[in-house]
Amino acid sequence: MNKQLITILIAILSLQAYAQNTYKKGYIINNSGEKIECLIRDLDWNNTPIKFEYKLNEEANVNVGTLATIKEFVIAPEAKYIRFKGNIDRSISTSNVNKMEYNKNPVFKEEQLFLKVLLEGKANLYEYRSGSLERYFYKTEEGDIEQLIYKKYKVREYKFTENTRYKEQLWSNLKCSDISIKDFNSVDYKKNDLINFFVTYNECNNSEFTKYQKKNAGGFFNINIRPGVTNSSLGISNNISFDTRDFDFGNKLGFRFGAELEYVFPFNNNKWSVLFEPTYRSYKEEREFNYLPNSIVPRFATAKVEYTSIEFPTGIRYYSYINNHSKLFFNVLLAFEYELSSSISSDSTDGGFNFDLNTDENWKLGMGYMYKNKFSVEFRYGTPRGGLSDNKFWSSDFKNVSLILGYTIFSNKKE
């Protein structure tokens with residue numbers, strides 16, 4: 001990967017730190033217990049935040065809320081976070097038995113952090129996430145916030161088991177006539193399982209409860225058709241000739257057609273997605289060359305190239321919102337090809353050639369604009385690629401840039 005690609009990739013990925021996010025109505029509660037209505041910048045945090053940005057109105061300056069200054073902040077009805085000071089177990093959270101500990105017990109450490117409120121009622125459920133670490137906490141009317149204990153641990157070199165103490169905690173503190181011992185035993189240490197259990201408990205006690213859940217929080221698929229035009233250039237060179245035997249076919253406009261399958265991830269306001277875009281493209285050109293330009297007597301030959309292929313770009317996309325209807329997007333993709341037909345030949349009398357043109361994989365970098373989640377246009381740059389059937393004496397340089405139109409023909413996003 002060349003320096004230019006690395007620079008562009010870093011620039012694209014760093015946009016996450018600067019891209020616009022929506023400020024939504026909410027409130028904060030400060031250390032004095034004062035409730036202040038405000039606008040909170042919604043980053044749809046995948047990891048539990050340690051700080052957040054807010055402002056008192058649209059024209060006001062941006063403030064930063066931290067664990068030192070804020071007891072609670074809410075983006076109603078989607079998200080609520082409370083400050084917690086107490087024990088948390090940060091033992092290695094992994095499915096890799098080689099990295100597990102032999103110790104079955106949690107290793108608690110007192111910390112101050114924000115917890116995400118998943119459900120509030122007679123019994124409350126909270127979540128803390130940091131990378132692969134996922135911990136759940138609960139609180140009853142009579143008790144304080146405690147962590148629900150779950151830990152995988154090693155019993156032999158290649159064998160592990162689980163400490164499911166959280167089931168005993170639920171059994172001891174959240175009994176109800178409609179909940180059987182089987183129900184307790186069947187609860188997995190997963191968000192949806194625990195939410196469903198706490199819903200059942202609150203309903204069993206005829207308790208009103210609030211479930212904080214972001215609308216359209218799930219991931220979804222899009223299918224997009226992607227026609228466009230590609231400006232391609234091809235040059236080949238003889239690596240051992242004393243004379244300059246270069247054939248430059250110049251720039252040629254061609255048609256491309258792709259069908260893109262996109263999965264949009266559920267976190268970070270649906271800003272990240274993965275792509276797979278099978279694409280048909282072709283390049284055909286025929287030109288006459290003076291293939292010995294340094295010779296006193298020019299030598300002319302006709303060279304032609306025919307190349308059609310199915311390209312398979314796969315990679316990631318990042319969206320940057322402009323407003324409710326418009327957004328920019330940035331792609332980084334790695335493309336492989338399957339040649340349908342490929343040949344490059346010359347009819348010169350002293351050194352003609354006929355090769356198959358097999359290009360290597362390359363990177364695709366794109367920037368585009370999307371309107372109403374339906375229509376898009378993208379400019380895409382492909383890094384140079386080469387390959388001439390592993391021919392030792394010739395090399396090639398194939399480049400292209402594309403202008404791509406897009407239209408979403410299917411999406412299972414919930415409106």
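Visitor: What does the side chain of serine 326 make a polar contact with?
Guide: The side chain of tyrosine 369, at 2.7 Å. Bear in mind that this is a predicted model.

Visitor: Is serine 326 buried or exposed?
Guide: Serine 326 is buried, because its relative accessible area is 9% and the cut-off for buried is under 20%.

Visitor: Which strand does serine 326 lie in, and what does it touch?
Guide: Serine 326 lies in strand β19, residues 326–346. Leaving out residues up to four places away in sequence, serine 326 touches Tyr321, Tyr369, Met370 and Tyr371.

Visitor: What lines the largest one, by class?
Guide: Five charged, five polar and two nonpolar residues. Among them are Arg256, Arg281, Glu311 and Lys364. Strands β17, β22 and β23 each supply at least two residues of that lining.

Visitor: Now β3. Which strands does β3 pair with?
Guide: Strand β2 is joined to β3 by two bridges, running antiparallel. β3 also pairs with β4 in the antiparallel sense, over four bridges.

Visitor: Where does tyrosine 54 come in?
Guide: Tyrosine 54 in β3 is the bridge partner of isoleucine 40. In β4, the bridge partner of tyrosine 54 is asparagine 63.

Methods:
Residues are numbered from 1 along each chain as its sequence is written. This is a predicted model: local features need pLDDT of at least 70, side-chain atom pairs count only at pLDDT 80 or more; totals for chains, interfaces and linings use all residues. Side-chain values use heavy atoms; hydrogens and water are left out. Buried means under 20% relative accessible area, exposed over 50%, partly exposed in between (1.4 Å probe, protein chains only). A polar contact is a pair of N or O atoms within 3.5 Å; within protein, one must be able to donate a hydrogen and the other to accept it, and residues adjacent in sequence count only if both atoms are side-chain atoms. Contact means heavy atoms within 4.5 Å. Two strands pair if DSSP finds at least two bridges between them. On a 1 Å grid over the protein atoms alone, a cavity is a set of points where a 1.4 Å probe fits but cannot get out, and a pocket is an open set with protein on both sides within 12 Å along at least five of seven lines; lining residues have an atom within 4 Å of a point. Ala, Val, Leu, Ile, Met, Phe, Trp, Tyr, Cys and Pro count as nonpolar, Asp, Glu, Lys and Arg as charged, and the others, Gly among them, as polar.
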